[in-house]
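Trainee: Hi, could we go through this one together before I write my notes?

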Amino acid sequence: RLEGILASAMDAIITVNEQQHIVVFNPAAERMFGLKASEALGQPISNLVPERHGGAHGGNIRRFFETGDTNRQMGSLGAISGLRANGEEFPIEASISQVRIGDERLGTVILRDITERRAAEAALVESRQRMEAIVESAMDALITIDEQYRILVFNPATERMFDMAASKAIGASIERFRTGIRQNVVSPGM
């Protein structure tokens with residue numbers, strides 16, 4: 001049953017002994033690291049971590065075993081990376097748990113490759129920055145409001161039109177500017 005669970009898991013599952021040698025390496029780990037289980041089993045977990053993190057990573061695992069904690073989210077002190085067999089580094093999320101079987105303690109790490117999420121987050125930030133630049137440089141007054149008619153965006157052209165800083169307008173009701181909008185906006189039918 002356990003083998004079936006490990007084989008069908010979407011996330012990489014790697015178990016290490018107290019010497020930090022790999023004793024379980026599921027198919028998702030094979031795909032993630034580009035390494036067959038037969039090549040990974042018995043090898044140090046440090047082979048899957050960029051060299052610059054190897055010493056710290058090993059110390060963190062050793063301390064985890066010593067604390068007796070049963071589980072912990074990894075990377076709380078910063079981003080963590082994995083190292084594929086081809087030398088490519090990639091960002092990961094990981095959690096580790098431990099169990100004692102007789103005199104032996106085993107640590108199981110569940111890993112998720114977050115490369116695509118990081119790329120999507122970077123694209124979102126870039127898109128947001130482009131949109132902000134467009135709004136800020138627009139020659140026309142732009143005001144954006146929410147469902148309660150509170151101002152969310154008040155660009156520089158709008159500041160000039162109403163002779164008011166955006167910091168004073170954002171969060172205020174659009175009703176405050178209704179008369180000014182009618183006087184300053186010229187469009188057919190108004």
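This is a predicted model: local features need pLDDT of at least 70, side-chain atom pairs count only at pLDDT 80 or more; totals for chains, interfaces and linings use all residues.

Trainee: Great. So is Val24 buried, exposed or partly exposed?
Mentor: Val24 is partly exposed, since its relative accessible area is 25%.

Trainee: And where does Val24 sit?
Mentor: In strand 2, which covers residues 22-25. Helices (H or I, at least four residues) and strands (E, at least two) are DSSP runs numbered from the N terminus.

Trainee: What does Val24 touch, leaving out residues up to four places away in sequence?
Mentor: Leu6, Ile13, Ile14, Thr15 and Leu41; contact means heavy atoms within 4.5 Å. Val24 and Leu6 are 18 residues apart along the chain, and their C-alpha atoms are separated by 9.1 Å.

Trainee: Thr15 is on that list. Which element holds Thr15?
Mentor: Strand 1, residues 12-17. Beyond its neighbours within four places in sequence, Thr15 is in contact with His21, Ile22, Val23, Val24, Leu106, Gly107 and Thr108.

Trainee: What does the side chain of Thr15 make a polar contact with?
Mentor: With the side chain of Thr108, at 2.8 Å. A polar contact is a pair of N or O atoms within 3.5 Å; within protein, one must be able to donate a hydrogen and the other to accept it, and residues adjacent in sequence count only if both atoms are side-chain atoms.

Trainee: What about the loop between strand 1 and strand 2?
Mentor: Gln20 is there. Gln20 has a positive phi of about 65° although it is not a glycine, and the residue is buried, at 12% relative accessible area.

Trainee: New topic: aromatics. How many aromatic pairs are there in the whole structure?
Mentor: A search finds three. Rings of Phe, Tyr and Trp (its six-membered ring) pair if their centres lie within 6.5 Å; planes under 30 degrees apart count as stacked, over 60 as edge-to-face and the rest as tilted.

Trainee: How are the rings of Phe33 and Phe90 arranged?
Mentor: Their centres are 5.5 Å apart and their planes are at 65°, so this pair is edge-to-face. Phe33 belongs to helix 2 (residues 27-33) and Phe90 to strand 5 (residues 89-101), so the pair ties together parts 57 residues apart in sequence. Phe33 and Phe90 are both buried. Ring pairs also bring in Phe25, giving a cluster of Phe25, Phe33 and Phe90.

Trainee: And how do Phe154 and Phe162 pair?
Mentor: As a tilted pair, 6.1 Å centre to centre with 35° between the planes. Phe154 is buried at 4% relative accessible area, and Phe162 is buried at 16%.

Trainee: Phe154 ends strand 8, I see. Which way do strand 7 and strand 8 run?
Mentor: Strand 7 (residues 143-145) and strand 8 (residues 151-154) run antiparallel, joined by three bridges; two strands pair if DSSP finds at least two bridges between them. Ile145 stands opposite Ile151 there. Together strand 7 and strand 8 form a hairpin with five residues between them.

Trainee: What stands out in that turn?
Mentor: Tyr149 has a positive phi of about 65°, although Tyr149 is not a glycine. Asp146 is in that loop as well: Asp146 is buried at 15% relative accessible area, and its side chain reaches the backbone nitrogen of Arg150 at 2.9 Å.

Trainee: What about Gly171, where is that?
Mentor: In the loop between helix 7 (166-169) and helix 8 (178-184). Gly171 is partly exposed, with a relative accessible area of 45%. Apart from neighbours within four places in sequence, Gly171 contacts Arg150 and Ile151. The C-alpha atoms of Gly171 and Val153 are 9.0 Å apart, with 18 residues of separation along the chain.

Trainee: Last one: what's the overall picture?
Mentor: The protein has eight helices and eight strands, and 34% of its 190 residues are buried. Of the contacts with a separation of 6 or more, 35% involve residues 24 or more positions apart.

How values were computed. Residues are numbered from 1 along each chain as its sequence is written. Side-chain values use heavy atoms; hydrogens and water are left out. Buried means under 20% relative accessible area, exposed over 50%, partly exposed in between (1.4 Å probe, protein chains only).
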